[in-house]
Each structure stands twice: as C-alpha cells, then as structure tokens.
Amino acid sequence: MKRTTLFSLLLTALSSLNAQQVVVNSPDQQLKVTVHLQQGHPLYSVTYKEKVLLENSPLGFVANTGDFSRDLSWVGQVESPVERSFVQDRIKQSYISYQANRLAVTLENSQKIPFDIVFEVSDNDVAFRYEIPKKGETGSIVIREEATGFDFPAQTTTFLTPQSDAMIGWKRSKPSYEEWYKADAPMSERSQYGHGFTFPCLFRIGDDGWALVSETGVDSHYCASHLSDATPEGRYTIAFPLPEENNGNGTVAPGMALPAQTPWRTITVGDNLKPIVETTIPWSVTEPLYTTEHEYRYGRSTWSWIVWQDNSCNYEDQVTYIDFAQQLGFEYILIDADWDRNIGYERMEQLVKYAHSKGVDVFLWYSSSGYWNDIVQSPIHHMDNTIVRKREMKWLHKIGVKGIKVDFFGGDKQETMRLYESILSDADDHGLMVIFHGCTLPRGWERMYPNYVGSEAVLASENLVFEQKFDDAEAFNACLHPFIRNAVGCMEFGGTFLNKRLHKTNAKGTIRRTTDAFQLATSILFQNPIQNFALTPNNLTDAPKAAIDFMKQVPTTWDEIRFLDGYPGRYIVLARRHADTWYVAGINAGKEALSLSLDLSDLFAESSVPVVYTDGKYRELLCQPLTMKDTKNVKVTIAPEGGWVLKNK
C-alpha cells in the first residue's frame, strides 16, 4: 500500500512537472518552440533544425490589474492545427496558403487572474500574443510594460536601425523610422539614441541561422512597439513609445477593453535568408478590419517634387507631369505639398479634370497636422480633425481624386495608431487610397485595411536629393531593404532615378553613384502597389530608350517572390512574378564586380531567350536577348554599384 501510494505521488509529481512545459512544432517538424515556467516566470525558446536560435526568453506583462510576468501558475494548454488560405493584393505574394500549429497556454497570476499566451508555429515563422479574458466586473486593462523578450546566443550579430529621440529633426517631426542601419554589428553595440531599435530587426546567429523579429496586427487598440538595447547576455525586450513622442501628449501605456488581445510578435527563422525575404507572416495571422465597396487600382505615378522640389508645385509644372505620365502610360500623378497655396482648390478641380482627360488619376498630399510637430507645408489641420477630415474627403471624392499621401506623424503611441486607422477608415468611405510618409512601420496593414497602399518608414529617395552622403551609400542601403524593411510591409520609397544629377536641370545637385541598370532593378526589388517613381520629363530624351521602355511596362503588384542569392548590405538577387512574366533583379553594393551562378530552372524554360538589362564597360545600359542553354547554371556579373535585370517577355 505504501509503495502504491508513493508511486501515485511520484506520478502526480511527474505529471505536474510535465504540465509546466510544452513543445509546439512546425508542420514540417524543423522549427520547435518550447514554453515553460521557471520559478513562476514564463519563458520560451526557439530551435530550428536542432540549432538554438533563441535561448530562454521571458514572456508576460505588467498591467494596472496585476503582474502577469512572475509568480504565475500553470493552468493548462490547448493545441490545434491552423489552416488559412486567401487571396491578397498589394503584398509580395497574391495567394497565401498558411498552415501552422497553434498552442494556447493558460496561466494565472498570484491573484488567480488568468490569461493565455498563444503561439502559432508555421514552417519558418513563430507568431505569439497575449489574450486576456474578462473576469468579474473589470471591463478594461492598461498594459504598463511588457516582459516579452528575445534572448539570442552569444555569436549573434545584428542588422538594426535605432529608435530616434522624439521631437527632433525636420520641424521636430521624429521619430519617423528614417535612421541609418548598421550591418553585422555586435549585440553589445548600443543604439545611437539609447532607446533601442525599430522593427523589423534582423539577426544572424553565427553559422546556425537567421531571425527576423517584428510585430503585426497593430491597430487602434495598442501602441506600436520596438526593441530595447540588448543586455550583456544578449536579451532584447519589447519597449513602448517614448513619453516625449506626440509632443508629450497621450499615454505610453496602451489601454484595451476586455476581453483583449495584444498584437502578434513574429520571428521568422531559417538556416539561410530565403525564408526571411519570402515570409508572409505579417498577413497570415491578421484579418481585414472592414470591407470596402470600392475597387482600388494600383500602378505607377509621376511625382514632380522628388527632383523638381517645392517650386514645382504649381499648375503649369503639374500639367507637364500629367503629360509625362500619359507619355509613360502611368496611371497616376502625385501632387505634393503646398498645392492648396500655389494652385488652390478651384484650380485643383480644373487640374484633376485635365488629368482625367489624359487618362491619369491623382493623389494629393496632406500634412497629418495636429499638436505634435512644427510642420508648415500645407494643407495643414485637415487630417487630424474628424469633422474637417470628412468634409475634405467628400470634396476629394467629388472631384475624382483617387488617393492621398499623409505626411509627418508624431510617434508610436496608441493615439497615433488611432489616427492612422481613422484616416484609413474615413478615406475608404470616400473611395480614397492612402499612402503614409514620415510615419511608422506598417504592421499587417495591407491585409487589415483595404485602401492602404504604402508607407515610407525608411531612409527613402528624398535623402538622395538632399545630401551626397546618401547617394554614396545608396547601394548599401538598397541591399538591406529586401531583407529587413520591405520583408514585412509595403515600402513607398519613391525611387528609380534616371537623372545623373538629382536636380531639375540634371546639371547640378547630388551625384548618382549607381548605374541605370541598378535603378531599373530597384523598381523590382522594392515592393509597393503604388510606385511614385523619380523619373523626370527630360528622361524621355536624355535617358536610354531601353530604360524608358522598361519603366513603361514595369508592374507594381506581384503574384510570387523567389529569393535567389544575397547578403544584407552587400548584394541581393530576387525574382518576382506578375501574371506570366518573371522579373529577376540583382544589385551589387560592392566596389568590385560580382560574379554569380544562378539556378533559374524553375522560372525559365531551357533555351528560352529572355531580355537582360545590364551595365556595359563604361557603365552604359545594355539591353539584349540572353540565350540560356543551362537554366540551372546561369552566369551573372553585376558591376560595382550596378544592377542586372532579366525579363522573360
């Protein structure tokens, strides 16, 4: 009897111990997430192909209702498979088929208040969030801080950009996600401003693999987050916005009605960079927030401001750019800041009519306005006020404007997320698409908002015009974006320059270091459904005809993506498919020519003769047919700061 009792107690103890830890695998069994309690603290770790990519990392949060990061008890867990498939325009792949294994671990704190930590683990992606039920009469919760962390092994190096100070930069408009990246930096290197790093964050775990950390599903119910600086042990944690953002207005801590769900934090992993570049996790775990009755058309746009600058925002120059758009076969023109002063509302109605007569639709620029910066470019005080905003959008819809570009936001607090969502929702009511600049990273927004068509959130093309140092580093930065910024969301870069000098005269201003073939390649490498290209009317006569013909046909929406080769900051080669046409684009940031051998057998038939755009001996653009006898071993040479594009039709 004593032996039986002892055995029963042992079984009970073992069962209790086992209940404190659970493992969830990806469908292909290569990716494993382990969740457990250690002295009341929830932890998780991630391995891929038996290599540790994340060591024990903390979970949980502290709220006004209690501490959910320590002194926790294990209540139970539920596992289930997940399958979703959907068609999604505006992202890197038009059809998504998502399979994952879901784990929901229920814990309770010392006050017996429960919550769930929910994981979805697909073949190369981990997504997790907190789900908090309503208990008793408490109807709301404020999350004061998160314990959520990412603990990387000691051999890890980083590819990160810093979170800026608040209320600095042009007219005190930062943070705007427009800081420099550093490549292959040690984890011990502190961020430039001491506030950590903005999402997405790329990590190389020595020779064991790669991890891209970000978040998705952020809407009006939460703030946008970033990563702290690393501890000496290599641990990064979720950090909330700075109190000084939005000119000090608004709370840092997000508040939610119960039951509540936090945004998904995502980790994309692989033993190479292919899963990083091709991931669709930002959209696979999010859902549309509203339906639309409108059909939105995507495409290419001319844009005078990027090269001709402020003085071009007048009626005559915009007519020139409308005619230019017609000559290129572009769908849109973007008319930038101060149009209300220099053109006026009455003449704008005439200008839009003129554009429509040429088969060109119009986007108009607005400041986000408000109390969070000193911006004077107008129109101001139209997008921050619900009553004024709706009146303005009604007018835009009446005259046939198709979209707006809203610039200069105030930070990442929850109230700014509410502003983004309000602008998008009101704009959809009036059939308007929305581009954001001077803004935060999009976090699943292409899936969530049907009229969202892009965000800047990067050191974009305007910097190439402003200072030579950005042109000198253009190739380096361009070789980062497909791996990091553009891997998780649309990137409204506004590039593809064919001017040699970035000025209206093409005779002075900053000097472009990259080749024409490089510029054509970026039109493929950088993904955004509305592309405001930096072409100028003089390019019709002073740029290579082959380049103009290419830009007349280049698409802005894609059905499929394939990563072929590359290393962040050094070079990148990837393929995108639009309908039946494959484009393969590569660029080289090095100072020496780059020789590669590419396997294109999945993209091109044997003995096919696609067109190749490349650089000649004198960096001139060459366009010629390429006979491929062995599509598994296609030899490619990319010039220093040059490009290479292959097109199968």
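Tutor: Here is helix α9, with its helix partner and the sheet beside it. The model is predicted; local features need pLDDT of at least 70, side-chain atom pairs count only at pLDDT 80 or more, and totals for chains, interfaces and linings use all residues. Residues are numbered from 1 along each chain as its sequence is written, and side-chain values use heavy atoms, without hydrogens and water.

Helix α9 spans residues 414–429 and packs with α8, residues 386–399. Helices are DSSP runs of H or I, at least four residues; strands are runs of E, at least two; both are numbered from the N terminus. The angle is about 35°, and the axes lie 10 Å apart. Axes are lines fitted to C-alpha atoms, for helices over the stretch in contact; angles run from 0 to 180 degrees between N-to-C directions. The crossing is right-handed: the near helix is turned clockwise from the far one by less than a right angle.

Contact means heavy atoms within 4.5 Å. The residues of this contact divide into four nonpolar, two polar and three charged. Ala, Val, Leu, Ile, Met, Phe, Trp, Tyr, Cys and Pro count as nonpolar; Asp, Glu, Lys and Arg as charged; the others, Gly among them, as polar.

Now the sheet. Seven strands form an open, parallel sheet, ordered β27-β26-β25-β24-β23-β22-β28. β27 (452–455) and β28 (530–532) are the edges; each has a single partner strand, so one side of each lacks a neighbour in the sheet. Twist averages 25° from one strand to the next. β25 (403–407) and β26 (433–436) pair in parallel over four bridges; pairing takes at least two DSSP bridges. G403 has M433 in β26 as its bridge partner. α9 packs on this sheet, touching β25, β26 and β27, and its direction makes about 155° with that of β26.
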